[in-house]
Amino acid sequence: MLLINGNLWSNTETERAIELVSNQIVDTLSHKSLDRQTVLDAAGRFTDDFLNGNLNKEFAPFFQHEEITKEEIHTLVETFQKDALSKRTSRELDSLKQGDHILIVPKGVLFHIAAGNMDILPAYSVLEGLLTGNINILKLPSADHGLSVFLLKKLIEYEPRLKEYIYVFDTPSSDLLTVQKLMNFANTIVVWGSDDAIEAVRKNAPVNAEIVEWGHKLSFCYVQDMGVPDSLLVKLAHHLFETNQLLCNSCQGIYVDTDNYEDAAAFGKRFAKILGEIEPEYVLPDYLQGKLTLEALTRRLENINEKEIIYQNQRSSVTCKRDSDLELSLLYGNIWVKPLKQDRIGAALLKSKLYLQTAGIYPFSAPLIQKLSRTGLTNIISIGEMSDKQMGMTHDGRFSLQQYVRLVEVGHS
């Protein structure tokens with residue numbers, strides 16, 4: 001499904017849509033501009049209606065979707081709230097203007113290649129482009145369930161002027177010819193996803209287009225004091241289940257400040273108990289639950305010689321490992337715990353320096369922050385804050401809105 005001029009088009013009309021977009025973006029860039037307040041007002045009216053329950057009937061098909069819950073949709077739509085967006089744009093953009101002779105202008109046309117690990121992320125990426133005054137062309141991920149198209153169409157309904165700044169294409173990455181045509185419209189290509197996705201864009205992008213990469217990242221927790229209160233570990237457990245560990249800032253594992261494997265395993269056992277108590281609050285689709293059950297059985301068989309200690313719950317688990325490698329977890333509430341003394345932090349994380357993002361730490365101390373900040377991490381927070389909303393914060397150590405504008409120096413008259 002395509003979204004062109006605020007209307008839904010069939011995928012069979014892709015060629016006609018590309019021709020129309022080609023003509024319209026030239027006219028829009030030449031004769032029109034998008035005011036930030038216009039976008040903020042549209043987003044504000046939309047979220048107000050949603051939070052007041054006025055859009056429940058329209059959202060009903062998504063509330064019933066087995067892969068995204070009503071609570072998740074509610075949390076995600078809240079990121080469109082006007083006040084939060086207004087504060088964010090002021091923080092990121094207003095600080096750029098240092099004098100009367102600096103203009104902040106849009107890049108022009110952004111082509112968003114979105115990842116499919118979060119249903120609202122494609123729409124949110126477009127919203128960032130709108131806040132910076134850009135025309136936005138979005139290529140949907142293959143796993144999209146229609147929520148992003150719905151959200152963007154609703155924004156246009158609240159503010160029809162946005163229809164010239166939002167174009168959505170449901171083009172598979174395998175259709176390289178069409179993807180390249182869309183890339184050719186862009187001043188800046190915004191790519192979210194894995195190393196393979198970024199490499200493919202680098203290989204096929206036109207030489208006259210800038211590429212902004214939001215790539216694969218890994219996050220973890222570091223526990224210096226194993227006396228961390230249960231209340232913080234409960235918050236961490238909720239974070240794992242709420243995000244399913246699919247986001248860049250999702251905790252994949254916990255390092256414990258020790259060189260004793262048994263001490264780390266004891267901490268893992270304690271956290272596994274907390275996970276087991278909380279997991280009934282979070283229900284997975286049957287197919288995912290079945291997949292996790294098979295994986296758990298496989299791990300038990302592979303671990304027949306007890307190379308690792310695994311604390312298995314119904315759907316969650318803690319695997320206590322002896323190495324110190326930063327790695328992806330099994331996701332969906334399945335986490336690893338590893339021993340790692342502070343004096344080996346730098347060496348352990350060096351090989352992952354390009355993939356580091358968030359560390360949740362306990363205690364939240366200046367010396368530990370200083371040590372971890374040297375590794376390449378871009379966000380260091382308390383363990384209890386891992387579950388806080390992260391959308392709207394820096395992306396991988398950069399303010400994203402600043403990536404979508406140009407600074408124009410104007411000479412003195």
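The model is a predicted one. It holds 20 salt bridges, and a few of them are described here. Side chains of opposite charge can pair when their charged atoms come close.

- Let's begin with isoleucine 198, which sits in helix H9, made of residues 195–204.
- Isoleucine 198 has a relative accessible area of 8%, and it counts as buried because that value is under 20%.
- Beyond its neighbours within four places in sequence, isoleucine 198 is in contact with Val191, Gly193, Glu213 and Gly215.
- Leucine 232 comes 34 residues away from isoleucine 198 along the chain, and the C-alpha atoms of the two are separated by 36 Å.
- Now find threonine 38 in helix H2, which covers residues 36–51.
- Threonine 38 has a relative accessibility of 10%, so it is classed as buried.
- Once neighbours within four places in sequence are set aside, threonine 38 is in contact with Glu159 and Arg161.

- Lysine 153 and glutamate 157 form a salt bridge, with their closest N and O atoms 3.1 Å apart.
- Both residues belong to helix H7 (residues 147–158), where they are four residues apart, or about one turn of the helix.
- Lysine 153 is partly exposed at 23% relative accessibility, and glutamate 157 is partly exposed at 43%.
- This pair also takes part in a network of salt bridges that links Glu58, Lys153, Lys154 and Glu157.

- Glutamate 327 meets lysine 321 in a salt bridge, at 3.1 Å from N to O.
- In this pair, lysine 321 is buried, with a relative accessible area of 17%, whereas glutamate 327 is partly exposed at 24%.
- Aspartate 325 pairs with lysine 351 in another salt bridge, and the closest N and O atoms are 3.3 Å apart.
- That pair links distant parts of the chain, as its two residues are 26 residues apart.
- Aspartate 325 lies in the loop between strand S12 (317–320) and strand S13 (334–339), while lysine 351 lies in the loop between helix H13 (345–350) and strand S14 (356–362).
- Lysine 351 is exposed because its relative accessible area of 60% is over 50%, whereas aspartate 325, with 33%, is partly exposed.

Note on methods:
Residues are numbered from 1 along each chain as its sequence is written. This is a predicted model: local features need pLDDT of at least 70, side-chain atom pairs count only at pLDDT 80 or more; totals for chains, interfaces and linings use all residues. Side-chain values use heavy atoms; hydrogens and water are left out. Buried means under 20% relative accessible area, exposed over 50%, partly exposed in between (1.4 Å probe, protein chains only). Contact means heavy atoms within 4.5 Å. A salt bridge is a side-chain nitrogen of Lys or Arg within 4 Å of a carboxyl oxygen of Asp or Glu.
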